[in-house]
Amino acid sequence: MTIQRIFSFPAITLFMLAWLPFHLLAGFNPDWMRLVNLMSLFVILVGCLGAAATSIAVSPVRLWFPITWFLLTAAGYYGFGPLLYYFGTAETIDFSDAYSYVGNGELYRANLLNLAGIACVMGMYLLLGKYLARSRFDQVTTDYHRKDVQIALWRISVIFVLIGIPVKFLLVLPRALGLSDVVLPGSIEYFSVLSTLALVPLFILYRSNKKKYALPFYVLLFIEGGGAFVTLSKLAILKVGIALMLAAVLTGTRFKRIVIIGLIGALLYGVVLTPLI
């Protein structure tokens, strides 16, 4: 309970707002700027990651909430990523500086904007959540063994596949592989994501009736995994894994298992996927 209070959304928002003046004033001293930058990165990393983790621990279904992914991406991009300037190898830092040089001054200003931006987003989220009517679904109560529910999930899967697969294999993949130079509007390209999203209802159906839905689930999984692999895109491959994890949450997967899956995914990403791509 104490950890949940420390990493609650209001507590993290107030702490970042309180940290902003310290970061701003202490950073004016060049001798302190490096230390202040490092401390601010840990504030962003630990604060955002802790808030997201405790939220998911309360209810794993919150992994579907956009605010959860905002905190996770903020922790990764604005907290963990810039730590390479302090703990990365000289080759990695040189490679990054060749693209865009970042010194203590640049990182100081970026951290100031990131802290203010994250605090503003969280503050607005809390404000809107307090004063606007909303419906909250923190627990899954649907019985996936009911026949009408399975029929609905199957229809959703079929519709998503019929829309997503043609767009992906007739338009998106040829352009990604250099077989076509047609400029595809983003509004059409994003329809290809529907076939990946179809893994969610199919996974739920597979968990509820493996004999009946194992074949369509594994066929679609093979198609999506293969399509993502041939593009040599780590993000495309990760999307397949994320879809399966989101589906597992809806079937009652616990927080500990989500953490284990996340750690295994991160290990595979760093050790296997990145060198392979």
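Let's start with Ile 261, which is partly exposed, with a relative accessible area of 37%. On that scale, buried means under 20% relative accessible area, exposed means over 50%, and partly exposed is what lies in between, using a 1.4 Å probe and protein chains only. Ile 261 lies in helix H14. Helices here are DSSP runs of H or I with at least four residues, strands are runs of E with at least two, and both are numbered from the N terminus. From Ile 261 to Met 245 you step 16 residues in sequence, and the two sit 8.0 Å apart in space, C-alpha to C-alpha.

Residues are numbered from 1 along each chain as its sequence is written, and side-chain values use heavy atoms, with hydrogens and water left out. pLDDT is the predictor's confidence in each residue, from 0 to 100. Confidence is lowest in H14 (residues 255-276), at a mean of 75, and highest in helix H4 (residues 66-80), at 93. Where pLDDT is low, the predicted coordinates should not be read in detail. Overall, the protein averages 86, and 95% of the residues score at least 70.

Now the whole thing. How many helices are there in the protein? There are 14, with zero strands. The C-alpha trace spans about 65 × 50 × 35 Å along its principal axes. There are 277 residues, and 35% of them count as buried. Take contacts, meaning heavy atoms within 4.5 Å: among those between residues at least 6 apart in sequence, 74% join residues at least 24 apart.

On to the inside. Why is helix H11 largely enclosed by the rest of the structure? Because nine of the 10 residues of H11 (residues 199-208) are buried. Among them are Leu 199, Phe 203 and Tyr 206. The buried residues of H11 pack against helix H8 (147-176), helix H10 (193-197), helix H12 (210-230) and helix H13 (234-250).

H12 also holds Gly 225, which counts as partly exposed because its relative accessibility is 28%. Gly 225 is 18 Å from Pro 275 in space, C-alpha to C-alpha, and 50 residues from it in sequence.

Next, the cores. A nonpolar core is a set of buried Ala, Val, Leu, Ile, Met, Phe, Trp, Tyr and Cys residues joined through side-chain atoms within 4.5 Å. The largest one has 23 residues, and those with the most contacts inside it include Phe 9, Met 16 and Leu 115. Helix H2 (9-26), helix H3 (30-58), H4 and helix H7 (104-131) each give two or more residues to this core, and the largest share, seven residues, comes from H3. Leaving out residues up to four places away in sequence, Met 16 touches Val 43, Ile 44, Cys 48, Leu 115, Ile 118 and Ala 119. A second, separate core of 21 residues includes Leu 153, Leu 205, Tyr 206 and Phe 217.

Last stop, Thr 68, which is found in H4. Is Thr 68 buried or exposed? Thr 68 counts as buried, at 1% relative accessibility. Again leaving out residues up to four places away in sequence, Thr 68 touches Ala 52, Ser 55, Ile 56, Arg 62 and Leu 63.

Terms used. Predicted model: local features only at pLDDT ≥ 70, side-chain atom pairs only at ≥ 80, totals over all residues.
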